[in-house]
Amino acid sequence: MNVLRATWKILTQVARSFGGGLGLIIVLTVLCSAAFAPLIATHDPDRIDVLHRFAAPTLEHIMGTDHLGRDMFSRLVHGSTVAMTVALCAILFALMSGTILGILAAFLSTRAERPILVLFDVISSFPSLVLALAIVGVFGASTSLVIIVVGITLLPHFGRVARAQVLTLKHAPFLEAERLLGASTMRIIFVHLLPNIAGPLVVLASMDIPLVITIEAGLSFLGLGVRPPLASWGTLIQDGYQFLSQSAVPVTVASVALGIATLGFTLFGEALRDAVDPRLARAH
Amino acid sequence: MTGQPLIAMTGISVVYPGGVRALDDVTLEIARGSVVGLVGESGSGKTTCCRVLTNLVEPTSGTVMIDGAPLAEIVGRGDLGFRRRIQMLLQDAVASLSPRLAVSTLVEEPLRIHGEPLTEGRSRITELFRRLGLPADIGSKYPHQISGGQARRVAIARALVLRPEVIIADEPTAGLDVSVQGDLLNLLQELRKEFALTFLIVSHNLSVVRRITERTVVMYLGQIIEEAPTSQLFAAPAHPYTAALLSTNPSLDPRKRQARIVLKGEIPSVVNPPSGCRFHTRCAHVRERCRTDVPQLRLAGEGRQVRCHFPLAGIT
Amino acid sequence: MRSIPGWHGRIEMTLSPLMQIENLSVDAATERGTAHLLRHVTLDIARARILGVVGESGSGKSTLASCLLRLLPSNVTRVEGRLIFDGVDLMTLDADTMNAYRGRRIAMIFQDPMTALNPLFTIGTHLVDVQRRRDSGIDRELALATAEAMLTTVGVPDARLRLGAYPHQLSGGMRQRVMIAMALLVEPDLLLADEPTTALDATIEAQIVQLFEELRQRFSGSIVLISHHLGLVAELCDDLCVMYGGTVVETGPVADVVADPRHPYTKALLACEIDPDGDGPLLSIKGDVPDPVNEGGQCVFAPRCGHVIAGCLSGQPPLRAIGEVRQAACIRALETLP
């Protein structure tokens, strides 16, 4: 109940600024289309209609059709499902494993935490695209691989923030008070520590979503991401790009959609950061 | 003092990495039902003393006995029962409450931690809130929504809900306005009678210590330098440091004002304490022996101890 | 006694107060609405005397100090009243002139000297800069010599060595001495000290208190000592000003006020001081400190006062004279209350 009320309070605060409000609308639109894609899509996204390839936007196909005559709007809507699945799963994976490793590092001694910090450094110094190429080269392209690759790439983000947050709170009087009552370390971490470091981590997660969307699109564009015929924003751009000489509509529609979604999540993330911690807003 | 002391610290030393000797050979007994005051300035080790008693810091050497059982063994067995027996009130009460939990949850936490039935516990909490003068609707509030005085009472409720025997209070009146500190001290004294509590009160407020404690322990640079019944200590301090410390307490009544003994110099660092008597660098009565010989804590009259070669009082 | 370089040994013969605070009100915007930090404060700061301002949290004593320097927090929405300093209303001055007053005629000592000392500059640089505020052409060597003499005066050992030290290399007590030295080098007419010993250990506090006592022999200006510690104020000050809920409730010579308080709040506050020889329960004032957002309409102390009569509820009583040198803001100030 309390969590719901707090969430509602923060969202209303996000919506108060122009950027935040716009971001919130875009985010909600993308999330809705991702969740209810089959209901929203006007056509079967994979139905080929060669007679109507490269159709300009009409009432029938409001965003036109691609080189196989597939309805662009429906493919975009279904592509949002892929984008959101990849983004949310990858972020969730990075958030959870990063937070666990970050908390662990903060609680360990300086020497014991070193391997974890080295791991973070190794991951962040490794170009994610090269990592993706290597993994796809070994295992072949698939959606779950994209999720894992992107998740691993983002893991140090969350790990470092979680560690820094825990380090500032580690000697806080309220944690000491719980220790004095006899609370176990696990109880202290889950009941008292996590709720207090969750804010910055959630903000970071929301700001990383556009990053994941673009990485996924990039990987799919290169043919390393989701497999055709599954509609991903990256593959849509790739398909449109190949037939750019015949029609600019598919590539434009897909790129604009990707751009708007990225912008929306970025605006939302920034407004969320300001709402959760006004001090951070001034620092940036 | 007859019978076994409830708490006995023997030869406790705490050395932090980097050579900081926070406590040096501290021996202290607290009798059941007594109220002991611990005074000293920064670096004196009074906070470390509390942290050793509550097992937040493990002593480098020495033993702590609780009711005749060594604390190290109790902890080694993984027995958290001693946490019920010794509770501590932290100095900053507002910061000692987990900020994302409601007051009702906070007060039930001790019960959950020790696996006590909540239904029976809740009625105890209601009774405690009433006893502590907390409004009934405070349970739904969060720590940042309550006043400093209320936060202190909530912290006391959290400590008392486990029915402890010992309460260690670190600066119980720090940060409280003069107009409300009396209320809190009265409350602590009443609770002591009702719950048969033993109190260790750490404070820099000498008036507080003088008014509510039975024995006073004075610490300087990690050592106990004087221990005596409070009335005797305030009437005739034996250690020159105690005398100087007591003289700094300003009084409103010009007739009671005593000549302030102003110590020269600063408090030396615990990393590199002075040779001989640790107080010799600031002592007005320093003699040659004080610079070289380390004084031991020795008896100075009935129930009094002092760590000084040439005490001002008590030894005839 | 050694003379302090550049010290003005002027003895002020005029009887007019150094500073007259007239009807000063300060409002600030908060989340819950407009907070009245100061409500119609009227107070004189006499020449060459030490005035102690005491009050609990929310009494407005710190706001008053920042007001005297015209350094108010950014959320302040309204400042009204007059601050007449040696015949000049500080409220009417432009920012540059006010800056000059702050640097030369009014100096301040803070509770935490670290906030006022720049961690990147040595103590010597701080002390030279302060002198350059008065005389921008002063020779650095000469200024350093003056600084060293002043550090010795305020009891800093090895003064020459300390000139090269950085603030973080000094203890809290030493930093407070440096702050006092800085304030004295300014040779101000008014020295504001906001809880100057609160952050210090007892034996170090005693040293600083002693320093203040020595200062009053040499310092010809006025000192305003803001503190929550009645005992300290009673020992150090000549005059006392008791504040409550953003108003001045009582003023007068310290000894008189302590011996015979005329405002019920002063009386209650004095009773709360722990008498070490007493026994029985300790006294306190029931109820909560006033909410600054509250509009008022009655005496600020009425909700906690044991002597309320109908007249107390019809508005905040202004300060009224009791005898020649004392004032109290209570309609029953002249009655003998139990």
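Predicted model: local features only at pLDDT ≥ 70, side-chain atom pairs only at ≥ 80, totals over all residues.
1. Overall form of chain B. The fold of chain B comprises 11 helices and 12 strands. Its radius of gyration is 21 Å, which agrees with the value near 20 Å that a compact globule of 316 residues would have. The C-alpha trace of chain B extends over about 65 × 50 × 40 Å along its principal axes.

2. Burial and contact order in chain B. Of the 316 residues in chain B, 56% are buried. Among the contacts in chain B with a separation of 6 or more, 63% are between residues 24 or more positions apart.

3. Surface and charge of chain B. Chain B carries 37 positive and 30 negative side chains. The centres of these two sets are 4 Å apart.

4. Helix α10 of chain B. This helix covers residues 240-247, and because 8 of its 8 residues are buried, it is largely enclosed by the rest of the structure. The buried residues are B:Pro240, B:Tyr241, B:Thr242, B:Ala243, B:Ala244, B:Leu245, B:Leu246 and B:Ser247. Within chain B, the buried residues of α10 pack against the strands β3 (35-39), β9 (215-220) and β10 (223-229), and against the helices α8 (206-212) and α9 (230-235). Chain C also takes part in this packing, through its α7 (202-218).

5. Pairs of chains. There are 2 pairs of chains that touch, and the pair with the most contacts is that of chains B and C. Chain A and chain C, by contrast, are joined by no contact, and their closest C-alpha atoms are 15 Å apart.

6. The interface between chains B and C. Chain C contributes 40 residues to the contact and chain B contributes 31 residues. Together the two chains bury about 3100 Å², with 51% of this area on carbon and sulfur atoms. On the side of chain C, the residues C:Thr203, C:Ile274 and C:Leu282 supply 21% of the area buried against chain B, more than any other three residues.

7. Positive phi at B:Asn55. The phi angle of B:Asn55 is near 60 degrees, a positive value in a residue other than glycine. B:Asn55 belongs to the loop that runs between α1 (46-53) and β4 (61-66) of chain B. Its relative accessibility is 22%, so B:Asn55 counts as partly exposed; the cut-off for a buried residue is under 20%.

8. Positive phi at C:Arg70. In chain C, a positive phi, near 55 degrees, occurs at C:Arg70, again a residue other than glycine. C:Arg70 is found in the loop between α1 (61-68) and β4 (76-85) of chain C. With a relative accessibility of 26%, C:Arg70 counts as partly exposed.

9. The loop between α10 (264-272) and β11 (320-322) of chain C contains C:His307. Is C:His307 buried or exposed? C:His307 is buried, because its relative accessible area is 18%, and the limit for burial is under 20%. Apart from neighbours within four places in sequence, the residues in contact with C:His307 are C:Pro264, C:Cys312, C:Arg332, C:Leu337 and C:Pro338.

Key: Residues numbered from 1 in each chain as written. Chains lettered and ligands numbered in written order. Heavy atoms only, no water. Helix = DSSP H or I, 4+ residues; strand = E, 2+ residues; numbered from the N terminus. Rg over C-alpha atoms; globule rule 2.2 N^0.38 Å. Buried < 20%, exposed > 50% of the residue type's maximum accessible area, 1.4 Å probe, protein only. Contact = heavy atoms within 4.5 Å. Lys, Arg positive; Asp, Glu negative; His and termini not counted. Charge placed at Lys NZ, Arg CZ, Asp CG, Glu CD. Buried area = accessible area lost by both parts, 1.4 Å probe.
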